[in-house]
Amino acid sequence: MIKIENLTKHYHAAQGRVEAINGLNLEVDDGEIFGMIGPSGAGKSTLIRMLNLLEKPTSGTININGTDLTELSSQNLRAARQKIGMIFQHFNLLSSRTVLGNVAFPLEIAGVGKKKRRKKAKELIELVGLSDRADHYPAQLSGGQKQRVGIARALANDPDLLLSDEATSSLDPESTKSVLELLGEIRDEMNLTIILITHEMGVIKDICDRVAVLEAGQIIEDGSIIDIFSKPQKPLTKKFISSVIDFNLPERIIKYVKTERPGELIRVSFVGEKTHDPYISDLVKHYSVDANILYGNIDEIQGVPFGTLVLDLEGQLTNIEESISYLKSQGLRVEVLDNV
Amino acid sequence: MFDLITKLARYNDLMISGSLETLYMVAMALFFAIVGGIPLGVLTTITREGHILPNKPLNFVLDGIINIGRSIPFIILMVAVIPFTRMIVGTSIGTNAAIVPLSLAAIPFMGRVTDNAILEIDQGVIESAQSMGASPLQIVFKVLLPESLPAIILGLTLTAISLVSYSAMAGAIGGGGLGDIAIRYGYQRFQLAVMLETIVILVIMVQLIQYAGNQIASFFDHKA
């Protein structure tokens, strides 16, 4: 388990003192994929680089499986780092070594014998699906392939923790998808803990179990993916979510509502199994209202259906009120849209 | 025309021995440039602020040594180190004596070339090695030197070519080699043909060194 307490990082820049991370607390469970998202300058890169002490914290502790990294001697820190893999936005492969040489590199550092190194490196290269590229140099690979080499390399010393520093940010959408899938598979297979930072909510949505939203060096909101997506609290969180799921009504609907003056407009949000039940036909049948779907958005977050519908309810006022309380009683989130 | 060739043929042995002396001086100085200059360059880079072993005082001294060594014109350096040359070689005249100032000029030159070559390496690559738990020594031998090898080889080529021209200057104070021949026969005895021949040989020598350097560097370069 990873436990971060009161973590602070200040440094001096030309503009004066910069407080990159401000008294941050965080716990990440074993086997979890934990995402951190934030705008640029929020301190996410500083934070992830402190988790293997590439960046030295100003104060605070970083406990990984019971060892406080900040208290280790440089020699013990080097040993501890061998159990923390890291992948980078720009891959950072050695241009002078082949794929095989790059993957074997951390083993070489750890003092593993040549034969064992080769065997292990070959296994990992096969795991990431690059067996036919083992003798190629990084310059001969595509971005997605380079990141696969980066992943294989990060796994060489059987780490407990994998840090991902914007690992998909310089990849095209297709490579991003396949790299994320690979990370998910690896977590399942090796029961690895993965901490990743990104500025893309899509990455969080696709593979994270939990997410923390970072702003100005602090976590402003965190929780399970479903919770955060279905009940975001802070404006920044809502903004990130709207980049993958759009909550706002399109211009066309707003215009329609303003000119046609329909009945009551409501927004219904639902998560999980509730999508299987026929609520809308219930409304029409039992509450004598007409429900017109103006706009909707149904998506899936890691296999859990999730969506919102904007309904125009027409009928008698009491019937409309009753139907709204019915929906609420079924555990759906209902918002009345008074002023569109 | 025929006359010129027979004239030159008379100096054939002289030209061959002169060329060999030049090559010998350059090779020896290059050897000392590798042994002295590359470690000097590596130490200078890694002690820089923000590199793997930052050490401001040491970096200041090393950087200073390189700058001072590079700012003294070779002809002055050659004369200035005569007492030192005598101490080491026993004489200040001849090919062996010339190797001392040539090496002293080549070491800081190679130091700067190595420093620049290593600085070219992406900080992220060094960081990734640190994230794997590599020690500074491992980073030097497994990351910095292999990654900058093509640039270092091109730097060595540059150093070798500078040494060819410096070695000709060493001829001015009795250092031997092609420069010595050019001055004694070409300049002092007005034998224009000999002068031209040494120039032709020097040009060919430089071309061959550059060609070989490019070939070796591209053999080790996998960046593109």
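This is a predicted model: local features need pLDDT of at least 70, side-chain atom pairs count only at pLDDT 80 or more; totals for chains, interfaces and linings use all residues.
H3(A) passes H5(A) in a right-handed crossing. H5(A) covers residues 143-154 of chain A, and its axis comes within 7 Å of that of H3(A). The two axes cross at roughly 30°. Angles under 35 degrees count as roughly parallel, and H3(A) and H5(A) are therefore roughly parallel to each other.

Now show side chains. On H3(A), pick Val99(A), Asn102(A), Val103(A), Phe105(A) and Pro106(A). They meet Val149(A), Ala152(A) and Arg153(A) of H5(A). By class, this contact has six nonpolar residues, one polar and one charged.

Next, turn to the chain contact. How many residues does each chain give to it? Chain A gives 18 residues and chain B gives 19. On the side of chain A that touches chain B, colour helix H2 (74-81), strand E6 (84-88) and helix H3 (99-109). Each of these supplies at least two residues. That side of chain A holds nine nonpolar, six polar and three charged residues.

Stay on Val103(A). Besides meeting H5(A) from H3(A), Val103(A) is among the residues with the most contacts inside the largest nonpolar core. That core has 127 residues.

Centre on Ala29(B). Leaving out residues up to four places away in sequence, Ala29(B) touches Ile99(B), Leu102(B), Ser103(B), Ala106(B) and Leu163(B).

Last stop: another core, apart from the largest one, with 14 residues. Select Leu265(A), Leu283(A), Leu313(A) and Ile324(A), which are among its members.

Key:
Residues are numbered from 1 along each chain as its sequence is written. Chains are lettered from A and ligands numbered from 1 in the order in which they are written. Two residues are in contact if their C-beta atoms, placed from the backbone, lie within 7 Å. Helices (H or I, at least four residues) and strands (E, at least two) are DSSP runs, numbered from the N terminus. Ala, Val, Leu, Ile, Met, Phe, Trp, Tyr, Cys and Pro count as nonpolar, Asp, Glu, Lys and Arg as charged, and the others, Gly among them, as polar. A nonpolar core is a set of buried Ala, Val, Leu, Ile, Met, Phe, Trp, Tyr and Cys residues joined through C-beta atoms within 7 Å. A residue is buried if 20 or more other C-beta atoms lie within 10 Å of its own, exposed if 12 or fewer, and partly exposed in between; C-beta atoms are placed from the backbone. Axes are lines fitted to C-alpha atoms, for helices over the stretch in contact, and angles run from 0 to 180 degrees between N-to-C directions. Angles under 35 degrees count as roughly parallel, over 145 as roughly antiparallel, 65 to 115 as roughly perpendicular and the rest as oblique. A crossing is left-handed if the near helix is turned anticlockwise from the far one by less than a right angle, and right-handed if clockwise.
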